[in-house]
Amino acid sequence: MVGLFGRPVGHSLSPVMHNTAFEQKQLPFAYAAFEVNDDQIKEAVEAIRALGMRGANVTIPHKVAVIPYLDKIDPLAERIGAVNTIVNEDGTLIGYNTDGTGYVRSLLEETGIDLTEQTVTLLGAGGAARAVACTLVERGVKEIRIVNRSLERAELLAMALGSQIPIRVYSFAQAELAIQDSTLLINTTSIGMYPHIHEMPVDRKCLRPDLIVSDLIYNPLETQLLQCAKEIGATHHSGLGMFINQGALAYELWTGEAAPTDKMREIVLQHLQQGGN
Ligand code: NAP
């Protein structure tokens, strides 16, 4: 048994994605979502050990708060400062973060780009931005420019990323300047997410045909930002692959087997088209 700890979890597509994957590979696993309140995180984590569960996914708002209750934290999750996957290794609870690696795996699969050649503009400085940015630094991108509404939050992220590569901070008013000689633009804000599907985090004049445009949002599957990128002939990459791959990496940590990603994508797409999120 594996679980999902978060609040709210009722609309999560993770249970159907993982249960379909376990079924497809005929593995004796089941995935259940648990609504966990802020004051119950310790008990929820202890239940993994007490009930002999193989692990859990952790989602908003508990990705940071679970950390003190785990026995070990993987170095990347430690740098990100958040855990989205817990693995129970014979009673030792280990925390991982598969969000950034899931994102990068999907980006490389879908665009075939060389990360070491990328100057990245990252829109947003929240939890997802942090996971993506830490992983991009680890994978050797040339530079990261963080554009965020709260400059204080952007500065905190910049500090956390260290001095391995140049990291610069910009306001949204300076976004055009940041993007103009970037090669990869990543939207990690929630601007453009359902139901605000006509909103865009930056003006379309910031986009160029030679810019790779990536959006972490997967509801809608094609945001206004990605539609504009598509219209001008730019390479565009949606957040669906990140969702599938963060799940696939968690699946691989729990089962030790390759995840059936095509089947996972198929079932998630089916639910998104029926109005899930
Ligand atoms: P978060 O921690 O709450 O961060 C939200 C970010 O969006 C912050 O940078 C925030 O800026 C910015 N923002 C929100 N509304 C804004 C507005 N009206 N104007 C300007 N900036 C605004 O959320 P998160 O967990 O990082 O998630 C962010 C997005 O990533 C969501 O759309 C989520 O669905 C998506 N996501 C996708 C996946 C996937 O698997 N594809 C995984 C995780 C997240 P401030 O700092 O100024 O508030």
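**Sheets and helix packing in the predicted model**

Lys 72 stands opposite Ile 94 in β6. The structure is a predicted model in which local features need pLDDT of at least 70 and side-chain atom pairs count only at pLDDT 80 or more, while totals for chains, interfaces and linings use all residues. Residues are numbered from 1 along each chain as its sequence is written, and side-chain values use heavy atoms, with hydrogens and water left out. Helices (H or I, at least four residues) and strands (E, at least two) are DSSP runs numbered from the N terminus.

Strand β6 (residues 92–96) pairs with β4 in the parallel sense over 2 bridges, where pairing requires that DSSP find at least two bridges between the strands. Both belong to an open sheet of 6 strands, ordered β2-β1-β3-β5-β6-β4, with mixed pairing. Its edge strands, β2 (31–35) and β4 (72–73), each pair on one side only. Helix α1 (residues 14–24) packs on this sheet through contacts with β1 (2–6), β2 and β3 (55–58), and its direction makes about 160° with that of β2. Contact denotes heavy atoms within 4.5 Å; axes are lines fitted to C-alpha atoms, for helices over the stretch in contact, and angles run from 0 to 180 degrees between N-to-C directions. Helix α2 (residues 41–50) also packs on the sheet, touching β1, β3, β5 (85–89) and β6, with a direction at about 35° to that of β5.

A further open sheet comprises 6 strands in the order β9-β8-β7-β10-β11-β12, with parallel pairing. Strands β9 (167–170) and β12 (236–237) stand at its edges with a single partner strand each, so one side of each lacks a neighbour in the sheet. Strand β8 (residues 143–147) runs parallel to β9 and is joined to it by 4 bridges; Arg 145 stands opposite Arg 168 in β9. Helix α6 (residues 151–161) packs on the sheet against β7 (119–123), β8 and β9, its direction making about 175° with that of β9. Helix α8 (residues 224–231) lies across β10 (184–187), β11 (212–215) and β12, at about 160° to β11.

The axes of helices α4 (residues 99–111) and α5 (residues 127–138) come within 7 Å and cross at roughly 65°. The two helices are therefore roughly perpendicular, a class that spans 65 to 115 degrees. In α4, Asp 99, Gly 100, Thr 101, Tyr 103 and Val 104 meet Ala 131, Val 132, Thr 135 and Leu 136 of α5.

Definitions and conventions. Angles under 35 degrees count as roughly parallel, over 145 as roughly antiparallel, 65 to 115 as roughly perpendicular and the rest as oblique.
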